[in-house]
Amino acid sequence: MIFEQIDAGGDRNFSYLIGDEATRTCAVVDPGYDTSKLEQRVKALGLRVTHVLNTHTHHDHVAGNGVFHKQGVTLAAHRDAKVNPDVALEHGSVMTIGKQRIQVLFTPGHYLDSICLLVNGQKLITGDTLFVGCIGGSGFRGSSTEQQFHSLYKVILALDDAVEVYPGHHYGPTPSSTIGHERAHNPFLQRPNYADFTWLKEHWEEYKAEHGIA
Ligand SMILES: [Zn+2]
């Protein structure tokens, strides 16, 4: 597997490249405002992009779709996504890039069409559902704090500790993490119940100051 985390400009956005050595094909995930580094890596690795995937349809994660889509690349996103995907994904959908297997987990909350992408059962691209040490916001139209709680505690935390976490933004102390590390250290994944989860969301700035979190 070829797997790269790539700076996409914007608000410390990350794009991802998932490639297959044998077929020299790849998928790009969340092309953002700046696709130049992503395009450079595709070229440098000698790959052909066959798919664009979106973790959700907030503008900073889909802004670069057109750069690839106009080359005839297949656009895949959740079936409720407003980007008119060529392939409509849902929980359990599987996409293959050569021998690489990308499994879709439906994780609404941050946004109504949020999905996470589990690559070869090893690497989880989380979009804005889960960041290193933090989670995505849920205080705007199309968000649901209740769904986010369910997605995090029932879907994300059901994964194996060894699964690596690759977020949609570089907001944490490190660019990537693991489910085990987040389970042990991410304050949002340690709430005993929904009420406590919403309390932390509302008091996050105070909590950070109290606990010396940057
Ligand atoms: Zn977002």
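Start by selecting threonine 35: setting aside neighbours within four places in sequence, threonine 35 is in contact with Gly64, Val67 and Phe68 (contact means heavy atoms within 4.5 Å). You'll find threonine 35 in the loop between strand E3 (25-29) and helix H1 (36-44). Helices (H or I, at least four residues) and strands (E, at least two) are DSSP runs, numbered from the N terminus. Threonine 35 counts as buried because its relative accessibility is 8%; buried means under 20% relative accessible area, exposed over 50%, and partly exposed in between (1.4 Å probe, protein chains only).

A quick note before moving on: this is a predicted model, where local features need pLDDT of at least 70, side-chain atom pairs count only at pLDDT 80 or more, and totals for chains, interfaces and linings use all residues. Residues are numbered from 1 along each chain as its sequence is written, and side-chain values use heavy atoms, with hydrogens and water left out.

Next, click on alanine 63, in the loop between helix H2 (59-62) and helix H3 (65-69). Is alanine 63 buried or partly exposed? With 33% relative accessibility, alanine 63 counts as partly exposed. Leaving aside neighbours within four places in sequence, alanine 63 is in contact with Pro31, Gly32 and Tyr33.

Now for the metal. Which residues are the protein donors of the zinc ion? Select His56 (NE2), His58 (ND1), His110 (NE2) and Asp128 (OD), which lie 2.2 to 2.3 Å from the zinc ion. Donors are N, O and S atoms within 2.8 Å of the metal (3.2 Å for Na, K and Ca); water is not among the atoms, so sites may look incomplete. Along the sequence, the donor residues are spaced H-x1-H-x51-H-x17-D. Histidine 56 and histidine 58 are both buried. The 4 donor atoms subtend angles of 88 to 172° around the zinc ion, so the arrangement is irregular. Four donors count as tetrahedral if all angles lie between 85 and 135 degrees; four count as square planar and six as octahedral if opposite donors are over 155 degrees apart and all others between 65 and 115; anything else is irregular.

On to the sheet: 6 strands form an open sheet in the order E7-E8-E9-E10-E13-E14, with mixed pairing. Two strands pair if DSSP finds at least two bridges between them. At the edges are strand E7 (94-97) and strand E14 (177-178), each pairing on one side only.

Zoom in on strand E9 (residues 115-119): 5 of its 5 residues are buried, so E9 is largely enclosed by the rest of the structure. Strand E8 (residues 100-106) pairs with E9 in the antiparallel sense over 5 bridges, and phenylalanine 106 stands opposite isoleucine 115 in E9. E9 also pairs with strand E10 (residues 123-127), antiparallel over 3 bridges; there, leucine 118 stands opposite leucine 124 in E10.

Last stop: the largest nonpolar core, with 24 residues, where Leu124 and Leu152 touch the most other members. H4 gives the largest share of this core, 5 residues. A nonpolar core is a set of buried Ala, Val, Leu, Ile, Met, Phe, Trp, Tyr and Cys residues joined through side-chain atoms within 4.5 Å.
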